[in-house]
Amino acid sequence: MIENLEKAEQRFAKIEEALADPAIFAKQDSFTTLMKERKSLLPVIEKYREYKSAVAARDGAAELRDDASAESELRELAAEEFDAESRRCETLYEELKILLLPKDPNDDKNVIVEIRQGTGGEEAALFAAVLYRMYTMYATAKGFKTERISANETELGGFKEISFMVEGEGAYSRLKFESGVHRVQRVPETEAQGRIQTSTATVAVLPEVEDVEIEINPADLKIETCKSSGAGGQHINKTESAIRIIHIPTGIVVECQEERSQFKNRDKAMKMLRTKLYDIEMTKQTEAIASARKSQVGTGDRSERIRTYNYPQGRVTDHRIGLTLYSLESFLNGNLDEMIDALITADTAEKLKGTED
């Protein structure tokens, strides 16, 4: 590991030297590439230099501790310093191991989130709306931008399904563990007897992909236009601006009706299609890895029940890591960081364990 860190530091020094040359500003592509590489290396290099400083301090303390000609009081202080710097070295070494784990190439991407009602009828649709509100509030708190793509709304304000974009650096890294079946236990507004009902909604979090990542043959597409409609079938506008695209080889259907412009709706629908096709390819590639891992964190398996929201007890439980938070109201208001941080920590621990096996 140290050998790899030395190489990384040498590479970082070369990047710094290249960026210091005024001529680089005339080569915009090269400048952008170098800046991205510098940004990705910087946390590792800073931590490695901190580690080297700690090692030097530890070794210096050891030398003084073992110096028979030094005063006993100095040697005692050196022994204390040696112990402290040794612990610091161990901590920094573990932090370096985490920083050197292979990064998910999708982590910095925007995401498309799809929420669909599961079992439970109208109550499931209302729960889907609760999840949509929760994620948009979280996105706003993190400085991300959200934009609806399509929605199938019910009479009571729920969603049979809703798709929306979350834009911002690191959006996928924060939301990727939300894919799966979310379960709610509560007394529905539609329940006259006051009995607790269990309902579900399914969440899919897909990294947005660029045009160059997925090539789509126009001959494989069937594109339809129709009038945009809202809850109860009321028309949002009279023109045929809504777009439905069918990918014939896979049978994937995507729709967008949120914009008044047919062109904009088509552009959004194509983004969704590329994202879904990319997700299929990624799932194929990671299937073997996911099945080999004991933890469900990070597998992206949307058939798994990942979380329960229990209203009577005011709790939310993530079943993958066994974490329960008794702050349901706050959680549903978008305060997800404690849960998301715990999921990321568990996933990192699993990856570290994999490097040791």
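Q: Is Cys 89 buried or exposed, and at what relative accessible area?
A: In this predicted model, local features need pLDDT of at least 70, side-chain atom pairs count only at pLDDT 80 or more, and totals for chains, interfaces and linings use all residues. Residues are numbered from 1 along each chain as its sequence is written, and side-chain values use heavy atoms, with hydrogens and water left out. Buried means under 20% relative accessible area, exposed over 50%, and partly exposed in between, with a 1.4 Å probe and protein chains only. Cys 89 is therefore buried, its relative accessible area being 3%.

Q: What is the relative accessible area of Cys 256, and how many disulfides does the structure hold?
A: Cys 256 is buried, with a relative accessible area of 1%. A disulfide is a pair of cysteine sulfur atoms within 2.5 Å. By that criterion, the number of disulfides in the structure is zero.

Q: How are helices α2 and α3 oriented to each other?
A: Helices (H or I, at least four residues) and strands (E, at least two) are DSSP runs, numbered from the N terminus. Axes are lines fitted to C-alpha atoms, for helices over the stretch in contact, and angles run from 0 to 180 degrees between N-to-C directions; those under 35 degrees count as roughly parallel, over 145 as roughly antiparallel, 65 to 115 as roughly perpendicular and the rest as oblique. The axes of α2 (residues 28-65) and α3 (residues 72-99) come within 8 Å and cross at roughly 155°. The two helices are therefore roughly antiparallel.

Q: Which residues, by class, make up the contact of α2 with α3?
A: Ala, Val, Leu, Ile, Met, Phe, Trp, Tyr, Cys and Pro count as nonpolar, Asp, Glu, Lys and Arg as charged, and the others, Gly among them, as polar. In the contact of α2 with α3, the division is 19 nonpolar, one polar and nine charged.

Q: What is the relation between the directions of α1 and α2?
A: Helix α1 (residues 2-19) packs against α2 with the axes 9 Å apart, at an angle of about 135°. Their contact comprises 16 nonpolar, no polar and eight charged residues. The orientation of α1 and α2 is therefore oblique.

Q: Which residue of β3 stands opposite Lys 145?
A: Strands β2 (residues 145-153) and β3 (residues 159-167) pair in the antiparallel sense over eight bridges. Within β3, Met 165 stands opposite Glu 147. Opposite Lys 145 stands Glu 167.

Q: What is the bridge partner of Ile 223 in β7?
A: An open sheet of three strands has the order β6-β7-β8, with antiparallel pairing. In this sheet, β6 (221-226) and β8 (252-256) are the edge strands. Strand β6 pairs with β7 (residues 242-247) over six bridges in the antiparallel sense. The partner of Ile 223 in β7 is Ile 245.

How values were computed:
Two strands pair if DSSP finds at least two bridges between them.
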